[in-house]
Amino acid sequence: MSTLLENWKRVVETIPSHVSLVAISKTKPVEMIQELFDAGQTVFGENKVQELVSKYEALPKTIEWHMVGHLQSNKVKYIAPFVSLIHSIDSLKLLKEVNKQAKKNNRTIPVLLQMHIAEEDSKFGLDETELNEICNEVNTYSSVEIIGLMGMATFTDDEAAIRKEFGYLEKLFQKMKALHFHDDPKFKHISMGMSGDYPMAIEEGSTMVRVGSHIFGSRN
Ligand SMILES: *Cc1c(COP(=O)(O)O)cnc(C)c1O
């Protein structure tokens, strides 16, 4: 078995069945994606629009493509025809544009609202006030479906700090679910956890992990 398949199997074995695995394939060649797809991995994530589009065009159309990176409003149109889930909605402006492009393509696009949970200022995401503002208007945008929240923890060795950030995201999720979504079963995802911290994220309530380097090997 190839190293790629061995790595993937090792990750799959540690993930409980209620958690889905998004294989983050950024910077990696289409041959590797095809190999994993043939082995049964159907969901892949990218963080750049251009790379996402060219991989979509080159690979089987039954792959589910997730956009996980920061997304500029003027680039939404390129991925709107095919993207399965956008993890990185970090402004009302972006949500409105996704709604507009979804409508143009006669589809509903599922999205996650990205929350700023890390200590670092550099990470994108909404604060709680902005989150409430968007959730107050959930029914205004009929061509997007908000199915949960996403967050990235601080890059640190401090496990307690990471758990605290994941725990905060999980609490926010429960709060929004009760307050704005009235326990609608469609609002069900917490996308948190990457190669370095996904086992902890799962313990803290993640339903979707985004794993890149543990599967594909390190990036340059
Ligand atoms: C690159 C990336 C990941 C995966 O990172 P790894 O540490 O390689 O697992 C997850 N989420 C986002 C948003 C990313 O950009």
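Reader: How far is an oxygen atom of the ligand from an N or O atom in the side chain of lysine 26?

Author: 2.7 Å separates the ligand oxygen from the N or O atom of the lysine 26 side chain. That is a polar contact, a pair of N or O atoms within 3.5 Å. Mind that this is a predicted model: local features need pLDDT of at least 70, side-chain atom pairs count only at pLDDT 80 or more, and totals for chains, interfaces and linings use all residues. Residues are numbered from 1 along each chain as its sequence is written, and side-chain values use heavy atoms, with hydrogens and water left out.

Reader: What does arginine 210 do with a nitrogen atom of the ligand?

Author: A polar side-chain atom of arginine 210 sits 2.9 Å from that nitrogen. Glycine 212 uses a polar backbone atom, 2.8 Å from a ligand oxygen.

Reader: How much of the ligand does the protein bury?

Author: 91% of the 390 Å² that the ligand exposes when taken alone. Areas are Shrake-Rupley, with a 1.4 Å probe.

Reader: Switching topic. Which residues touch the most other members in the largest nonpolar core?

Author: Ile79, Ile86 and Ile215, in a core of 64 residues. A nonpolar core joins buried Ala, Val, Leu, Ile, Met, Phe, Trp, Tyr and Cys through side-chain atoms within 4.5 Å; buried means under 20% relative accessible area (1.4 Å probe, protein chains only).

Reader: And what does isoleucine 79 touch?

Author: Val49, Leu52, Val53, Met67, Leu71 and Ile86, leaving out residues up to four places away in sequence. Contact means heavy atoms within 4.5 Å.

Reader: Which residues are in the other core?

Author: Val22, Val68, Ile147 and Met208 are among its nine residues, and that core lies apart from the largest one.

Definitions and conventions. A polar contact is a pair of N or O atoms within 3.5 Å; within protein, one must be able to donate a hydrogen and the other to accept it, and residues adjacent in sequence count only if both atoms are side-chain atoms. Buried means under 20% relative accessible area, exposed over 50%, partly exposed in between (1.4 Å probe, protein chains only).
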